[in-house]
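Here is a short report on one protein model. Look at the sequence and the fold before reading on.

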Amino acid sequence: MKKLWLALGLALSGAPSSWAALDIGERAPNFSVPAAIGGKVFTFSLQESLAKGPVVLYFFPLAFSEGCSLEAHQFAEATAQFQALGASVVGVSTDDIGTLSKFSTQVCQSKFAVASDESKKVVTSYDAVWGSRPEWANRISYVIAPNGSVVYNYVNLNPERHVEKTLRALKDWSAAKATK
């Protein structure tokens, strides 16, 4: 399965050098968009979430697709680990809020928010537009420190390692912060 996702990712989006992401150290653009958790719709604000701790922000192409469902399930299963490090998780796609409201309960297990960016303003500001499918977000994950700076990014259409990679980056960031 892993090889299939990797092959699919390379075939659909070109070589990894064509993928973009905000650089480490860059300021994460602030945004507020409709989101859902447990089927309940609310306005997600990055600024408000960062006031509580680091944020793992991940972009995904399409709710209920196989890869996006796998990734969301993995984030749901790891929610307690992220929370133990003081972090919150939010997924963003260009799906409408009605679709994401269902996705939040059925796939995300009501454990973290998923946000709707139908206008693609957030996707664009985070360099997360999928080059060959501009109507969708590319699969990019960020770890954002409470001061708003990007401390980690990971771009890969294969959904299987985003949780592992962002969790490791968050642990490393937390450890480095503790030693200062």
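Leaving aside its neighbours within four places in sequence, which residues is Cys 108 in contact with? They are Ala 72, Ala 76, Phe 103 and Val 114. Contact means heavy atoms within 4.5 Å.

This is a predicted model, with residues numbered from 1 along each chain as its sequence is written. Local features need pLDDT of at least 70, side-chain atom pairs count only at pLDDT 80 or more, totals for chains, interfaces and linings use all residues, and side-chain values use heavy atoms, with hydrogens and water left out.

**Around Cys 108**

Cys 108 sits in the loop between H5 and S5. Helices (H or I, at least four residues) and strands (E, at least two) are DSSP runs, numbered from the N terminus. Cys 108 has a relative accessible area of 0%, so it counts as buried (under 20% relative accessible area, with exposed over 50% and partly exposed in between, for a 1.4 Å probe and protein chains only). Leu 70 is 38 residues away from Cys 108 in sequence, yet 9.7 Å away in space, C-alpha to C-alpha.

**Strand S5**

Strand S5 covers residues 113–116. Ala 113 and Ala 115 are buried on one side, and Val 114 and Ser 116 are buried on the other.

From S4 the chain passes through H5 to S5, a right-handed β-α-β crossover. With the strands pointing away from the viewer, right-handed means that the path from the first strand over the helix to the second runs clockwise.

**The nonpolar cores**

In soluble globular proteins, nonpolar side chains tend to be buried together. A nonpolar core is a set of buried Ala, Val, Leu, Ile, Met, Phe, Trp, Tyr and Cys residues joined through side-chain atoms within 4.5 Å. The largest one here has 27 residues. Phe 60, Phe 75, Phe 82, Phe 103 and Phe 112 touch the most other members. S3 (55–59), H3, H5 (97–106), S7 (150–155) and H7 each supply at least two residues. H7 gives the most, with five residues. Another core, of 26 residues, lies apart from it and includes Val 92, Val 122, Ala 128 and Val 155.

Phe 112 has contacts of its own beyond its neighbours within four places in sequence, including Ala 36, Tyr 58, Ala 72 and Phe 75.
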